Structure formats: structure tokens, C-alpha cells
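These are my notebook entries on one structure, written down in the order in which I looked things up.

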Amino acid sequence: MSSRIPIVLSGPSGTGKSTLLKKLFAEFPNDFGFSVSCTTRNPRAGEVNGKDYNFVSVDEFKSMIEQKKFIEWAQFSGNYYGTTIASVNEVQKSGRICILDIDMQGVKLIKQIPELKCRFIFIAPPSIEDLRTRLTSRGTETPESLSKRLAAATAEIEYSKEPNAHDIIIVNDDLEKAYNELKNFIFQ
């Protein structure tokens, strides 16, 4: 591995970020640590508190904002999401590379912290229509939430095209190809 610099993985919901991370952690269980984000949304089926997210109340989240416990945080679709300083420190103390899975707002905020050096990876869908199909097939989206997610995805894709927004853009049109690109970038 070329570096222990944290990896920031971003991209629209439904692009396969979680699937890629699961493959990476399965193949390299001792090399990476996941920065577990906090959220105020309800857990989805199969999600585990403290593993997938730290599920907290809105009041708890707002208190954490006031206490400046977040590296980055955002509000999306009526819910709050954020990465705590403690979660990143915990991974780094373990000697593992910290992986942060965050949205575009978080990427912009982290880029404003000069002492936090990171490598930025954007996972893109093959197309917005493909993304719509993926999100719809989950069975978790209402027409309103789908519309919000697609609008956010369009903005994230546009931002990813800006110079220096990310170090690499990986189009997830084939899972194995995307996974190999991810590994090649991380281990270069």
C-alpha cells in the first residue's frame, strides 16, 4: 500500500459504493477501517447500529454539531448525516486506512480542512436512467425520495467533473471492473 492517507469515497446513492466497500473489506479485512457515520434516519432492513451507521435522534445530532464533533455533516431528505472526528481517529489509531463514505457536501467540507489529507474517489453510475432503475429496484424509495435522490445525483455528477474535485472517477457499469479500478487506485 502506498499510503495510510484516508480514502474519501463519494457518489450518488445507488451507485454501488457499499457493495464495492464490502468486497474491499472482505478481501483485505486487516488493512481498512470504516469511518461509521452518524445519521438521524431510521435503519434499513439488515443495518446494524454502530456498524452501518450510528443511529441517533435529531436532538442528539444537533447537540453533536454544537459540540463541533463532526468533520463534516449535511442534511438530506429530511435526515442528518455526519462523520465524527472520533470515528476517523479510532480507525487511524488502529493502524488501518480510514475509509469515509460521504456525499458531495462532505467532500467540499473536508477539502477545506488543510491538515486532513485525503484521497478522493467518486463512484459514478453509467447513466441517470440506470441509477433510477437501481434505486427503484431497492423498493425503499417513495416517488418524492426518488426525485430528491436523482436531483442530488445530477448535482454530484456535475461536481465530479470539476477540476480537482476527485482524484479518480470510477464508473460502476461492471462490478468487477469497478472493483479492480478501486483496488488499483488505492494500492498504487
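**Helix pair.** I looked up the crossing of H1 and H7 and found it right-handed, where right-handed means that the near helix is turned clockwise from the far one by less than a right angle, and left-handed anticlockwise. The axes of helix H1 (residues 17-27) and H7 come within 10 Å and cross at roughly 60°; axes here are lines fitted to C-alpha atoms, for helices over the stretch in contact, with angles from 0 to 180 degrees between N-to-C directions. H1 and H7 are therefore oblique to each other, given that angles under 35 degrees count as roughly parallel, over 145 as roughly antiparallel, 65 to 115 as roughly perpendicular and the rest as oblique. On the H1 side I noted Thr19, Leu20, Lys23, Leu24 and Glu27, and on the H7 side Leu175, Glu176, Ala178, Tyr179, Leu182, Lys183 and Ile186, contact meaning heavy atoms within 4.5 Å. Sorted by class, the contact of H1 with H7 has seven nonpolar, one polar and four charged residues (Ala, Val, Leu, Ile, Met, Phe, Trp, Tyr, Cys and Pro count as nonpolar, Asp, Glu, Lys and Arg as charged, and the others, Gly among them, as polar).

**Provenance.** I am reading a predicted model, in which local features need pLDDT of at least 70 and side-chain atom pairs count only at pLDDT 80 or more, while totals for chains, interfaces and linings use all residues. Residues are numbered from 1 along each chain as its sequence is written, and side-chain values use heavy atoms, with hydrogens and water left out.

**Parallel sheet.** Next I followed the open sheet of five strands, which has the order S2-S7-S1-S8-S9 and parallel pairing; helices (H or I, at least four residues) and strands (E, at least two) are DSSP runs numbered from the N terminus, and two strands pair if DSSP finds at least two bridges between them. Strand S2 (32-34) and S9 stand at the edges with a single partner strand each, so one side of each is left without a neighbour in the sheet. Direction ignored, neighbouring strands of this sheet are turned by 25° against each other on average.

Which residues of strand S1 are buried on its two faces? I found Ile7 and Leu9 buried on one side and Val8 and Ser10 on the other, so that both faces of S1 (residues 7-10) are covered, with buried meaning under 20% relative accessible area, exposed over 50% and partly exposed in between (1.4 Å probe, protein chains only). S1 pairs with strand S7 (residues 97-101) in the parallel sense over three bridges, and Val8 has Leu100 as its bridge partner in S7. S1 also runs parallel to strand S8 (residues 119-124), joined by four bridges, with Ile121 as the partner of Leu9. Ile121 has a bridge partner in S9 too, namely Ile168, and S8 and S9 are parallel, with four bridges between them. I also noted that H7 lies across S1, S2, S8 and S9, running at about 160° to S9.

His166 sits in the loop between helix H6 (143-160) and S9, and at 12% relative accessibility it counts as buried. Its C-alpha atom is separated by 9.1 Å from that of Val8, although the two residues are 158 residues apart along the chain. Not counting residues up to four places away in sequence, His166 touches Ser10, Val107, Phe120, Ile121, Phe122, Tyr159 and Ser160. Ser160, in helix H6, is buried at 7% relative accessibility.

Asn172 belongs to the loop between strand S9 (168-171) and helix H7 (175-186), and I found Asn172 buried, with a relative accessible area of 5%. Leaving aside neighbours within four places in sequence, its contacts include Thr15, Gly16, Leu20 and Ala178.

**Mixed sheet.** Finally I turned to the open sheet of four strands, which has the order S4-S3-S6-S5 and mixed pairing. Strand S4 (54-55) and strand S5 (70-76) are at the edges, each with a single partner strand, so one side of each is left without a neighbour in the sheet. Strand S3 (residues 38-39) and strand S6 (residues 79-84) run antiparallel, joined by two bridges, and Thr39 stands opposite Tyr81 in S6. Helix H3 (residues 85-93) packs on this sheet, touching S5 and S6, and its direction makes about 40° with that of S6. Helix H2 (residues 58-66) lies across S3, S5 and S6, running at about 45° to S6.
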